[in-house]
Amino acid sequence: MSIKGSSATNDGAVSPEIAGETGDGIEGFGYRQELKRSLKFSDLLVYGLIFMVPIAPFAIFGSVFQASGGMVAMAYIVGMLAMMCTANSYAQMVQAFPMSGSVYTYVGRGITRILGFVAGWMILLDYVLIPALLYLAASIAMNGMIPAVPLWIWLIAFVVLNTVVNYLGIEFTARVNKVMLVLELLVLAVFLVIGFTAVANGQGTFSFDAFFNSHTFDWSLIFGAVSIAVLSFLGFDGISTLAEENSGTTKSLGRSMIAALLLVGVLFVVQTWVGSMLVHDPASLIANGDPDGTAFYAAAQNAGGPFLFILTAAATAVAWGFANALVAQAATSRLLFAMARDRQLPKFLSRVHPKRGVPVNATFLVAGISLVLGLYLVTQPNGLTEISTLVNFGALTAFSLLNVAVVWWFVVRQKSRRWMVHLVLPVLGFAILVSVIINANIAAQILGVVWLVVGVIVAIILQKAGRMTDPSGAASPLEFNEVG
């Protein structure tokens, strides 16, 4: 199938201007425009911010503090650097291939369909597990405040609520996102004001140790901490799954990812720095860790008393269990939809609700998986930490493949000479991500490699069955210099 104005390319890429503004962009790849194009730049930016959660470090602060030897702000800075490089790769590929599917689409179109499936398979480890992780973290926070209500009841309530909101359509989800973002930022502002005041009054210890401590610094230590901290950044990539619901140009997708990542990264660094100065006994936290996940709330209590403990804990519960899980469920359903549309997952997952314009079956499947997995994790003493590292392993592996895809597509195949965005940044991002993966939790490495091997086997089976075909057809070569 060709596109009016010769905007299609031999490899299925489309002129960014045409792809981002009309339905021709998706039709040029052999698909029908089924999802509703209604999201503006502001909607995409809010979506990314909500997915990453501006107060995300609240829940894993203690784990990152211990793993980094107290240099929690440095861990977030390194993590942000790696994610910024990867965001650049997303921004480049989403303009060449403006479709749902995230890394599955970009690696598959940029390199080969088999590697694309493997990348999608690895990101599934992130996307499918992360809603359950979010529900679990929120349920733990709520149970800590109201012990009379069991964890499993909180978990079921969060799953049902989010599924209903997502079923009502992406526009309704976008409106809810904006309200939740304002509330999260208000809570963060309250914490920062009270926290800085407390440090100034001697209730904390003013220090830059959170950025660098010569007594504990070691790169393997930092990269190990980043393997946990990066959980807070997962979500900027979720914006790419909304490519077929974007009403603006393809450039707005890339810009919204980078803007969301930069904004939230600054907030992460500032809040963890303030939190580290309010920790009552840093040496004990480093030595013993944070088994009950309340280190940040305790630091907040040191500054503002029980009120700030309850406020930060409640905000974490709502942000993780409702706002973040809401967009995580939406992103996961779109990834399943894209893979099913290409016959690489069961066909029923590609069904779109005729009125609401959402992948309804995929949405319900994600809800079911989150419910079952979440109820299982409720019974595991260290379930939150273990699933966090496993989620990160899948995401980081997929991001690494994405950075390779940018170099291969633009530099090798299209002969681009835009060295910074098509070579330097992807290579830098790849190097940091691989270092983080190598220094990740051993158990997560083992389980992640097992998942990877299974994905490779499934990809080979699908290829043998003839289900790795490209539905787009052929046209003329991509003018890579259109992609900015």
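Q: What span should the 23 residues of helix H17 (residues 442-464) have at 1.5 Å a residue, and how far apart are its end C-alpha atoms?

A: The expected span of a helix is 1.5 Å times one less than its number of residues. For the 23 residues of H17 this gives 33 Å, and the end C-alpha atoms are 33 Å apart, which agrees. Helices (H or I, at least four residues) and strands (E, at least two) are DSSP runs, numbered from the N terminus. This is a predicted model, in which local features need pLDDT of at least 70 and side-chain atom pairs count only at pLDDT 80 or more, while totals for chains, interfaces and linings use all residues. Residues are numbered from 1 along each chain as its sequence is written, and side-chain values use heavy atoms, with hydrogens and water left out.

Q: Which residues of H17 are buried?

A: Buried means under 20% relative accessible area, exposed over 50%, and partly exposed in between (1.4 Å probe, protein chains only). In H17 the buried residues are Ala444, Gln445, Gly448, Gly455, Ala459 and Leu462. Just after H17, Gly466 takes a positive phi of about 75°.

Q: Which residues other than glycine have a positive phi?

A: Most residues other than glycine have a negative phi, and most peptide bonds are trans. Val53 is one case, with a positive phi of about 65°. Val53 is found in the loop between helix H3 (41-52) and helix H4 (57-67), and counts as buried because its relative accessibility is 0%. Lys415 also has a positive phi, near 60°; Lys415 is in the loop between helix H15 (383-413) and helix H16 (419-438).

Q: How many of the eight residues of helix H6 (residues 103-110) are buried?

A: Eight of the eight are buried, so H6 is largely enclosed by the rest of the structure. Among them are Tyr104, Tyr106 and Arg109. Over the protein, buried residues make up 60% of the 484 residues. The protein has 17 helices and zero strands.

Q: Which residues have the most contacts inside the largest nonpolar core?

A: A nonpolar core is a set of buried Ala, Val, Leu, Ile, Met, Phe, Trp, Tyr and Cys residues joined through side-chain atoms within 4.5 Å. The largest one has 150 residues, and those with the most contacts inside it are Tyr76, Met83, Met93, Phe236, Trp320 and Phe399. Helix H13 (residues 295-341) gives the most to this core, with 24 residues.

Q: Where does Met83 lie, and what does it touch?

A: Contact means heavy atoms within 4.5 Å. Met83 is in helix H5 (residues 72-96) and, at 1% relative accessibility, counts as buried. Not counting residues up to four places away in sequence, Met83 touches Val230, Phe233, Phe236, Leu261, Leu396, Phe399 and Leu433. Met83 and Leu234 are 151 residues apart in sequence, yet their C-alpha atoms are 8.7 Å apart in space.

Q: What share of contacts between residues at least 6 apart in sequence joins residues at least 24 apart?

A: In this protein the share is 83%.

Q: Is Leu186 buried or exposed?

A: Leu186, in helix H9 (residues 170-200), counts as exposed because its relative accessibility is 52%.
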